[in-house]
Amino acid sequence: MCWAGGALAQEAAPPYPETPRGTVVERVFGEELADPFRWLEGDVRADPDVARWAAQQNAISADYLAQLPGRAAMASRIGALLRYERFSLPRKAGRRYFYLRNSGLQNQFALYVRETLSGPARTLLDPNTWSADGTIALDAWVPSRSGRWLAFSQQVAGSDWRTIRVVDVGTGTVLTDRLDWANETQIGWVSDEGFLYTRFPQPAAGAAFQAPVYNKAVWFHRVGTPQSADELVYAAPDQPGRSHRVAVASDGRWGVITSEESTGARRAVRLIDLKARRPGVWPIITLIDQITDDWKFVDGIGNRLWFITNRQAPHYKLVRLDMGRTPRWRDVVAERDVTLDGGRVVGDRLVLSYLRDGSSFAMLTSLSGRPGRAITIKGIGAASGFGGTPGDPETFYQYSSFNQPPAIYRLDLRSGAVSPFAVPQLAFTPEDFVVEQRSFPSKDGTRIPLYIMRSRALADAKAPAPALLYGYGGFDVSLTPGYSAVRMAWVQAGGVFALASIRGGGEFGPAWHDAGRLANKQNSFDDFIAAGEFLIAEGIAAKAGLAAQGSSNGGLLVGAVVNQRPDLFAAANPDVGVMDMLRFDRFTQGRFWTNDYGDPAREADWRVLRAYSPYHNIREGAAYPAILVTTADTDDRVVPAHSFKYVAALQRARIGDKPHLLRMERGAGHGSGRGVDKIIAIGADVLAFLARWTGLKLAP
């Protein structure tokens, strides 16, 4: 393609803006390491040079993307696929039921309440009225046990920072309570008096979106009072790097604090004796101080508390803590050959969620662990939810798959009867699309599962087609089958979508995670590369028609595999990726990632990171695929500097004539809270770009 007069022609990339090269060179563990684009680490919202450079990059990419054939049609298709009534799982508090609803193309979901399950609904909170551009989102929302109050957090422009507010459910009045600097917090109500939450100290001026964060603490907020009156419940000033979360048992007897030093599955556990508390005094009982195993709080009834743990159980088991003069632990449900992923106490039962081959299913047991019925799902999909509290006779869950948006059902625990709560009315027929799971050998012979979705007509014809391969492979995160209007638009247009369950994720327990982290990280890349080779060898993906996509840790994955096998991919979309593996720990919460990546300050870890860091391993002289790098100006989890530096290095290198572009979203963050209009716009841009370079013909 050539670029002439602003018109999209056939082979070459558009002219890139000039990117000044700095002179930073550091000697690290005996190696002279240049970092010529260090200056792009400046905050794009405050640094005029970085802002000017990003604006120039955006102007070039916007012009290019706008002229792609089928881009407008793809935006229309995504919009049509989102134009249906959507609901969240309901939550019950007192006699009231709360749930989210989107009528179709509203930018944000609104929160509704019903006085009874079948009663009329009224709008309690509508974030679509909070900002003109739809960039203020409703994040977490937790009703008090009686349903009188509801605490909710607001997210601005996709930032990880949250502001917690309180609404009077009966009147719909939002109180003046305003709690700032919450980040990755749970909310645990202590009767109707107030709630426990966690927050960081207020950052220094100008440092809120880039500086590392420390000294998170647990606080109690009393409804109707200012944040300055909040009571400090627990802090660990001698361990400033620890992060804390807090939950409260459904009956309000105990609070549970879990603490971690990274994103790994290892936590310390403490209890708050809420019965013994008095003004300004919060009795803390340390159960587990060493961060060596994972502990997930399930719920509590009186002095019995249930946890899920991997202590001496790699696939996790359910245990019960009996609090008395001497706390005693008892095994309730033993470890199985599938991973125990979650649990709730609902009514007089335990609802346990398991992962099998990357999909989820649920099992009912008695509170003592006696097996009951399994909740079976036909087809390849995921059942999730199962919320509720002790004494409730019901629970709600949702089922979704790649070709099925979430449908929500009510399960009567006494009779076992299942009834629909909210089943979407769709503009397509799910049976017209085939979802299958296959497996393939990776480089070392390990079998890797692979989900594949395509139209039934394409599957029956056994014809290769342009394919979009997605992966993540990190932080013990499990990617289960789920619906995406953007992915469905790709498949409706005649493409193949594939999701590889590569090592580093949590689909098959801790061993699967360990096999793709730290010094084993290369396994994740080998698995993804092998997935692409399998799709082509099996005649599923067209030769020269394979696109790679991943977000966050998946963006790192895409950057690394493109460097290692640029010949395998026709196009790539690394989204909000971690691209400078030698400096990721210098920003916001990056230090928490060392459990997965390693510590750049340690030579052994640094050498592993140096070997695959996308920014540092671009191969001069190789023919690279077309690459569209996507990020956002308010991403304070993986700061946009990662993408900026990577794009600057791509554009500087001699790696062929295909375009290597940056698309920076304004008023957005790491992905959550993004309005529907932005979802449609970025989805259309990315799919049109990938279609152009994989050969997928889009309708004009």
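**Overall fold and the setting of Ser 524**

The secondary structure of the chain comprises eleven helices and 42 strands, where helices (H or I, at least four residues) and strands (E, at least two) are DSSP runs numbered from the N terminus. With a radius of gyration of 25 Å, close to the 27 Å that the globule rule gives for 700 residues, the chain is as compact as a globular protein of that length; the radius is taken over C-alpha atoms, and the rule is 2.2 Å times the number of residues to the power 0.38. The structure is a predicted model, in which local features need pLDDT of at least 70 and side-chain atom pairs count only at pLDDT 80 or more, while totals for chains, interfaces and linings use all residues. Residues are numbered from 1 along each chain as its sequence is written, and side-chain values use heavy atoms, with hydrogens and water left out.

Along its principal axes, the C-alpha trace spans about 75 × 55 × 50 Å. Of the 700 residues, 60% count as buried (under 20% relative accessible area, with exposed over 50% and partly exposed in between; 1.4 Å probe, protein chains only). Among contacts (heavy atoms within 4.5 Å) between residues at least 6 apart in sequence, 57% join residues at least 24 apart.

Ser 524 is placed in helix 6, which covers residues 521-537, and its relative accessibility of 1% is the reason why Ser 524 counts as buried. When residues up to four places away in sequence are not counted, Ser 524 touches Gly 473, Ile 502, Arg 503, Gly 504, Gly 516 and Leu 557.
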